[in-house]
Amino acid sequence: GQTLVLSYDTILANTSDTMQRVARFLGVDGSVWSEAALPTANQRAYASKIYLKDATWETCEQLKQFYAPHNRKLYQMLAENVNSTPAEQPPFPPFKDPCLGLQTAAQKKAGGGAPLGVEKG
């Protein structure tokens, strides 16, 4: 069997094209999805839910380091199987740096400061 691997960022940026790609991969009529929008799930606020925009730069960097070996394995697997992937498989883009624009803990405590990776204007 084959597997179609899609980037969440690509799905959000090009929903209609991505749904057509999925339909071709599955061998089904994609016309029902031509203008379909993906519903946003899990929007409810929870007392313990943490949003990335509210995290400190340090926490984000710890998460990046934790997931780095898993992401390397994913990219290695995709590279090794590039010739056996379906035609519908787009190149898998590199992950965006989720920590750009976050403030350090000290900046948050002081109530401001330019986020890391963002120049003061």
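How many salt bridges does the count come to in this structure? The count comes to 3, where a salt bridge is a side-chain nitrogen of Lys or Arg within 4 Å of a carboxyl oxygen of Asp or Glu. Before we visit them, a word on what you are looking at. This is a predicted model, in which local features need pLDDT of at least 70 and side-chain atom pairs count only at pLDDT 80 or more, while totals for chains, interfaces and linings use all residues. Residues are numbered from 1 along each chain as its sequence is written, and side-chain values use heavy atoms, with hydrogens and water left out.

Let's start with the overall picture. The protein has 4 helices and 0 strands, and its elements run α-α-α-α from the N terminus on. Helices (H or I, at least four residues) and strands (E, at least two) are DSSP runs, numbered from the N terminus. The average pLDDT, which is the predictor's confidence in each residue on a scale from 0 to 100, is 77 for the protein, and 76% of the residues score at least 70. Confidence is highest in H3, at a mean of 88, and lowest in helix H4 (residues 105–110), at 80.

How much of the chain is tucked away? Of the 121 residues, 22% count as buried; the cut-offs are under 20% relative accessible area for buried, over 50% for exposed, and partly exposed in between (1.4 Å probe, protein chains only). The protein exposes about 9,200 Å², with carbon and sulfur atoms supplying 57% of that area. Accessible areas come from the Shrake-Rupley method with a 1.4 Å probe, and for residues only the protein chains shown count as cover. Contacts (heavy atoms within 4.5 Å) tell another part of the story: among those between residues at least 6 apart in sequence, 51% join residues at least 24 apart.

Now to the charged pairs. Side chains of opposite charge can pair when their charged atoms come close. One example joins Lys53 and Asp54, with 3.3 Å from N to O. Lys53 counts as exposed because its relative accessibility is 62%, whereas Asp54, at 43%, is partly exposed.

The other place to look is Lys64. Its salt bridge with Glu61 has the closest N and O atoms 3.1 Å apart, and the two residues are about one helical turn from each other because they sit 3 residues apart in helix H3. Glu61 is buried at 17% relative accessibility, while Lys64 is partly exposed at 27%. Lys64 also forms a salt bridge with Asp97, at 3.2 Å between the closest N and O atoms. Asp97 lies in the loop between H3 and H4 and Lys64 in helix H3, so this pair ties together parts that are 33 residues apart in sequence. Asp97 itself is partly exposed, at 34%. Through shared partners, Glu61, Lys64 and Asp97 are joined into one network of salt bridges.

Finally, turn to the nonpolar side chains. Phe66 lies in helix H3 (residues 57–80) and is exposed at 52% relative accessibility, whereas Tyr67 is partly exposed at 43%. Together with Leu63, Phe66 and Tyr67 form a nonpolar surface patch with about 320 Å² of accessible area. Patches are made of residues with over 30% relative accessible area and no salt bridge, joining like charges within 9 Å and nonpolar side chains (Val, Leu, Ile, Met, Phe, Trp, Tyr) within 5 Å.
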